[in-house]
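Let's take a walk through this model together. Have a look at the fold first, and then we'll go through it piece by piece.

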Amino acid sequence: MLCSRTLACIRIRLTPSALILLGAALLSINTHAATTGLAPELNLPTKDGKVSLADLRGKVVLLDFWASWCGPCRESFPWMNSMQAKYRNQGFEVVAVNLDQESEAAAEFLAKIPAAFTVAYDPEGQTPQAYEVMGMPSAYLIDREGRIHSQHIGFHNDRKDNYEAEIRSLLRAEQN
C-alpha cells in the first residue's frame with residue numbers, strides 16, 4: 001500500500017478479494033469518467049439495510065469508494081457530510097462504499113470520523129471492479145438518470161470548490 005498526503009492511496013491486487021489498483025493512480029486526477037452510459041448497478045448492505053443505484057434514480061449521487069487505511073479519506077468525509085447536509089433537499093445523495101475486508105477497521109474509522117450519509121460495505125471488492133477504481137478515495141458523480149458525469153481520484157482540499165461547483169451544476173441542470 002502506498003499513501004501520502006497529496007497522492008491517492010493504492011493497493012496492488014494480491015488476493016481475489018483485494019482491489020486492482022494500479023500505479024497510475026498515484027497521479028491524482030479529475031477527469032470525465034471513461035465509462036459512458038449508465039453507471040454500473042450496485043446493491044450493497046448498509047447498517048440499516050441495503051442501498052442500490054436503482055433506488056436513487058432521480059437524485060444526483062456522489063458515489064465514493066473508501067477504506068479505513070486511506071489518509072485522504074479522513075479529509076473527504078467532513079466535506080461529504082457538509083455537501084450531504086447542504087444539498088440533500090435539492091435531490092443530492094452521498095453513498096460511500098467501504099472496501100475494508102475487516103469490518104472492525106471501518107467501524108473504528110467511523111467512530112472517529114462519523115458519516116452523515118449512507119455507508120455501504122463491499123469487502124469482496126466487486127463494485128470497485130465494475131467501476132474500475134484506480135485509487136483511494138475515488139468518487140463518481142452520477143446524474144439523476146444514472147449516468148456517470150465525472151470521476152475524481154484522490155481528495156484535495158484545494159479542489160473542494162470545483163467539486164462542489166460540479167454538484168451544483170448537475171443539480172441545477174437536471175431540475176430544468
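Predicted model: local features only at pLDDT ≥ 70, side-chain atom pairs only at ≥ 80, totals over all residues.

How many helices and strands does the chain have? There are five helices and eight strands, where helices (H or I, at least four residues) and strands (E, at least two) are DSSP runs numbered from the N terminus.

Residues are numbered from 1 along each chain as its sequence is written, and side-chain values use heavy atoms, with hydrogens and water left out.

Now for the inside. Of the chain's 176 residues, 49% count as buried (under 20% relative accessible area; exposed is over 50% and partly exposed is in between, with a 1.4 Å probe and protein chains only). The largest nonpolar core has 47 residues; such a core is a set of buried Ala, Val, Leu, Ile, Met, Phe, Trp, Tyr and Cys residues joined through side-chain atoms within 4.5 Å. Among the residues with the most contacts inside this core are L63, W66 and F77. Elements giving it two or more residues include β4 (60–66), α2 (71–87) and α5 (160–175).

Zoom in on F77. Leaving out neighbours within four places in sequence, F77 is in contact (heavy atoms within 4.5 Å) with residues including W66, A96, F109 and F117.

T127 is buried, at 7% relative accessibility, and beyond residues up to four places away in sequence it touches L42, L44, F65 and D122.

Finally, the charged pairs. The whole structure holds four salt bridges, each a side-chain nitrogen of Lys or Arg within 4 Å of a carboxyl oxygen of Asp or Glu. In one of them, the closest N and O atoms of K59 and E93 are 3.3 Å apart. K59 sits in the loop between α1 and β4 and E93 in strand β5, so this pair ties together parts 34 residues apart in sequence.

E164 has a salt bridge with K86, at 2.7 Å between the closest N and O atoms. That pair links helix α5 to helix α2, 78 residues apart. E164 also bridges to R168, at 3.6 Å, and these two are separated by about one helical turn because they are four residues apart in helix α5. Through shared partners, K86, E164 and R168 join into one network.
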